[in-house]
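Here are my notes on this one, point by point. Have the viewer open while you read.

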Amino acid sequence: MKQDYPFSKNISLAFKNDPPGQWLLTLPEGCIRLSSGYPEPLLVPAVGLKTAAVRLLEEEQDLPLQYMGSPRILQLKEFIQKRLAERGVEVAKEELLVTSGACQGIDLIARILLDDQAVVALESPTYMEALEVFQNYTEHFMAIPVDEQGLDTEQFAEMLENGKRDGLKMPRILYTIPTSQNPTGTTLTAKRRKRLLELAEEFDFLILEDDAYGELGFTQRPRLLKAMDDNNRVLHIGSMSKVVAPGMRIGWVAGPEKLIKVLSWFKKDLNHPFAQSTMASFLESIDFDDHLKLLTDAYQAKSTAMIEALEQFMPPAVTWYVPEGGYFVWVKISGVDTAEMLSQALDAGVSYVPGKHFFLDQERCEYLRLSFSYADAEAIVRGIQKLAEVVAANVPEKTGQES
Ligand SMILES: Cc1ncc(COP(=O)(O)O)c(C=O)c1O
């Protein structure tokens, strides 16, 4: 970008990158959206939120619309505290900051902990928006491979040991999505979770645990890293986006009081009192466990529909991880550049996100991310059938025969 204005030198790094949001697609009319990591429209509780907002305003008049907001803001915080406690994480009010979505939490953390000399360790591939945030602050990364069991802790340990031996700078933070990772859908095993905490202690870095999909396990909820954190090394990031509604922009950060205090200095009053108190009013009106059961049953059924359709329609050169929760299936198509194939898929009426967007710098990429969250099951099956035809036309013959 041309720098015609007196921009701060702190943002010069951001200009080195491509503009953010390159993965956002302009979808043709009627296209089946397997690219969007959004909740299914019917599972967004629009009526419940409307009723909650009306009740709130009737009961509290102007309060939720004032700067200081409604007493329900505190209730939202207490709800999050209680939920975390049920998952093994006891936090005081001073150790919890409600943010405008998980993304604001990630950005605030980057702002207070990173500078252009800091090294960030992260999964490769990882959530593209977090990647963009970190790239605004530093150019130094340690990209750790992910396999079916999540982040490969042994390779990470080796990278850390080799780096230390060679006098390289050690990571200041590790950003990880241990449960139902975006984009791979993988979940870190208990053994690796324990190892990660040991590595954080040994090599002295903080862990950012992004738990956006942590409540969406189909059959189980793995122990949070924060619940295993005896040394106050974990900053836990949560979100209401995937379990209630992303447009409410409600997330949180739980961690050591000192860090939370500094985060809140920088957050200032960038709050949404009305959204937070409406959320609290909504949460009062439902049984959250029942609500989650409804979501996980629905998403599990759609995940199964997607996996069965992949099995039925895809040529042999295509492989994938079967998710245990979350929104995504990570697909590998040997010999095919998925970014190049995208326009054909869109012409055929189905979308996906090319894998390259989830890596630091990968131009040619054989992976793509499918989302089973947004489209309904019937559309998912039709979408996979369309995609399979496009894939079949792109798979190099030799690779197809070999697999
Ligand atoms: C891993 C991960 N973290 C955070 C978010 C965004 O959360 P929020 O809407 O609360 O900012 C997403 C959304 O796609 C995500 O996949």
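Which hand does the crossing of α6 and α7 have? It is left-handed, meaning that the near helix is turned anticlockwise from the far one by less than a right angle (right-handed would be clockwise).

1. First, the ground rules. This is a predicted model, where local features need pLDDT of at least 70 and side-chain atom pairs count only at pLDDT 80 or more, while totals for chains, interfaces and linings use all residues. Residues are numbered from 1 along each chain as its sequence is written. Helices (H or I, at least four residues) and strands (E, at least two) are DSSP runs, numbered from the N terminus.

2. Back to that pair. Helix α6 (residues 153-165) and helix α7 (residues 190-203) have axes that come within 10 Å and cross at roughly 10 degrees; the axes are lines fitted to C-alpha atoms over the stretch in contact, with angles from 0 to 180 degrees between N-to-C directions. That makes α6 roughly parallel to α7 (under 35 degrees; over 145 is roughly antiparallel, 65 to 115 roughly perpendicular, the rest oblique). On the α6 side, Thr153, Phe156, Ala157 and Leu160 meet Arg192, Arg195, Leu196, Leu199 and Phe203 of α7, contact being C-beta atoms, placed from the backbone, within 7 Å. By class, this contact has six nonpolar, one polar and two charged residues (nonpolar: Ala, Val, Leu, Ile, Met, Phe, Trp, Tyr, Cys and Pro; charged: Asp, Glu, Lys and Arg; polar: the others, Gly among them).

3. Now α3 (residues 72-86) and α9 (residues 273-284). Their axes come within 8 Å and cross at roughly 60 degrees, so the two helices are oblique to each other. This crossing is left-handed. Residues of α3 including Arg72 and Phe79 meet residues of α9, among them Pro273 and Leu283. The contact of α3 with α9 has seven nonpolar, four polar and one charged residues.

4. Alanine 200 sits in helix α7. Alanine 200 is buried, since 21 other C-beta atoms lie within 10 Å (buried is 20 or more, exposed 12 or fewer, partly exposed in between, with C-beta atoms placed from the backbone). Leaving aside residues up to four places away in sequence, Alanine 200 touches Leu174, Phe205, Ile207 and Arg233.

5. Threonine 26, in the loop between α1 (12-16) and β1 (32-33), is exposed, with 7 other C-beta atoms within 10 Å.

6. Last, the ligand. The shell has 13 residues, with Gly101, Ala102, Cys103, Ser239 and Ser241 the closest (near means a C-beta atom, placed from the backbone, within 6 Å). Helix α4 (residues 101-113) supplies the largest share, three residues.

Conventions: Two residues are in contact if their C-beta atoms, placed from the backbone, lie within 7 Å.
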